[in-house]
Amino acid sequence: MILLKTVGVTPYSDGMDLADVNGKHVEAAIEEYDQLGKGKFLAKYRVKPAERFYVMRGDWAYEIEAVLGMVPGVEAEAAAAHLAGLGSEVQDRSLIPRFGPIPGIPEGRAFIDRRSAAGRRVHRALQAGIVGIGKRGAESIVVSGGYVDEDYGTTIIYTGHGGRDADTEEQIRDQTFDDPGNAALCTSMIDGGVVRVVRGAHIGSEHAPPTGYRYEGLFQVEDASYVKMGGFRFCRFRMVKLDLEVDVLAARLPVVVSGEKAHDDQPVGNLAPGRRLTAAQRTVRITKVTRTVKEIHENTCQMCDQQLVVGDRSYSEGAHIQALGAPHGGPDVVENVLCLCPNCHVLFDFGALIVQPDHSLSLNGQPFGHLRAHPQHQVDDKYLAHHREANRKA
């Protein structure tokens, strides 16, 4: 028999079976949870919540163990299934990705507070403005006027975190790129990873929502700089919104260069260029699959056997052999991904580097070594055949 502790204004009785729990019990537990706060509630019932299943009320999330006040040993899956049967929305966090878009959360989705954004996993932290660590990169940031940011809509000059007094919120020391959130943004810049951006209401930006918070989509970190402002140094990141993704296996896009000449016969150029995103020749997607392949090969290129090192981090790119987008429709599976350096990735995408049926390589029709294999990474030859055919010379 499953035992439940006394919870809420409508108590569960000792010896009560899970099947006897109804919606009134759940609502009473949630009401007391909100009255006491998470810490006091969990301490009162001596519940240590797990991290997988949550009951949703609007965008607020409640641990299933806390809602039911379960004693140790109760199967969370059974409790989740029971609550779902009562009509509750049950969130399985093992299915929600840490990086990239959150399923079911469209761009422009509004949240009344930070707890709501955290409940939907758009930005998991209730206070910190950056979620992420240096080893894996940044998952998300909140732009809410806490630091001096420059918000231009599709481009944000985002100021990192750190250096403030915990009590007064006054800046007392320089920020550093070693602070976890700043290190995470640096890693995202090097890896080309996408970062979710949430804007909070504040008077410092015309692009901020009038109230609450709003999910603004995916941005990439293009640049990082260390600047002095008001006597202290700050980590600043230029982040640009991703508006368009075009997967091109062997792109043949025209390159247009201004024909206007200066007095020395070189293009005049533009001292204050604007930003206009029209198309992407190559999309570097950072997914769980590509991360796995890169980790297996320790960021060492399978074609030229080079490992690029930036500071204390190594860098590589996960290259889909049969591209994901139309018209190729390749799958995001490890058998369809190679670990390549940026040079080999570009050459491969444009069809200059070809993997032959025996896994030998040709570069512009000339021998170029052999594709390095790894016992934990099996490449499927059908995807290589697709790439050869797509780049077959007439």
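I am working from a predicted model.

Next I looked up burial. Of the 394 residues of the protein, 45% count as buried. I then listed the secondary structure and found nine helices and 18 strands. I also checked contacts between residues at least 6 apart in sequence: 59% of them join residues at least 24 apart.

**Helix α7**

I picked helix α7, which spans residues 288-296. Which of its residues are buried? I noted V289, T290, R291, V293, K294 and I296. An α-helix has 3.6 residues a turn, so residues three or four places apart point the same way. I kept that in mind while reading the list.

What covers the buried residues of α7? I found α6 (180-191), β14 (317-320) and β15 (337-340) included in the cover. I then stepped past the end of the helix. E298 follows α7, and the phi of E298 is positive, near 55°.

**Sheet β16-β17-β18**

I turned to an open sheet of three strands, ordered β16-β17-β18, with antiparallel pairing. Which strands are at the edges? I wrote down β16 (353-355) and β18 (366-370), each of which pairs on one side only. From one strand to the next, the twist averages 30°.

I looked further at one pair. Strand β17 covers residues 360-363, and β16 pairs with β17 in the antiparallel sense over three bridges. Last, I looked up what stands opposite I354.

Definitions and conventions. Residues are numbered from 1 along each chain as its sequence is written. This is a predicted model: local features need pLDDT of at least 70, side-chain atom pairs count only at pLDDT 80 or more; totals for chains, interfaces and linings use all residues. Side-chain values use heavy atoms; hydrogens and water are left out. Helices (H or I, at least four residues) and strands (E, at least two) are DSSP runs, numbered from the N terminus. Buried means under 20% relative accessible area, exposed over 50%, partly exposed in between (1.4 Å probe, protein chains only). Contact means heavy atoms within 4.5 Å. Two strands pair if DSSP finds at least two bridges between them. Axes are lines fitted to C-alpha atoms, for helices over the stretch in contact, and angles run from 0 to 180 degrees between N-to-C directions.
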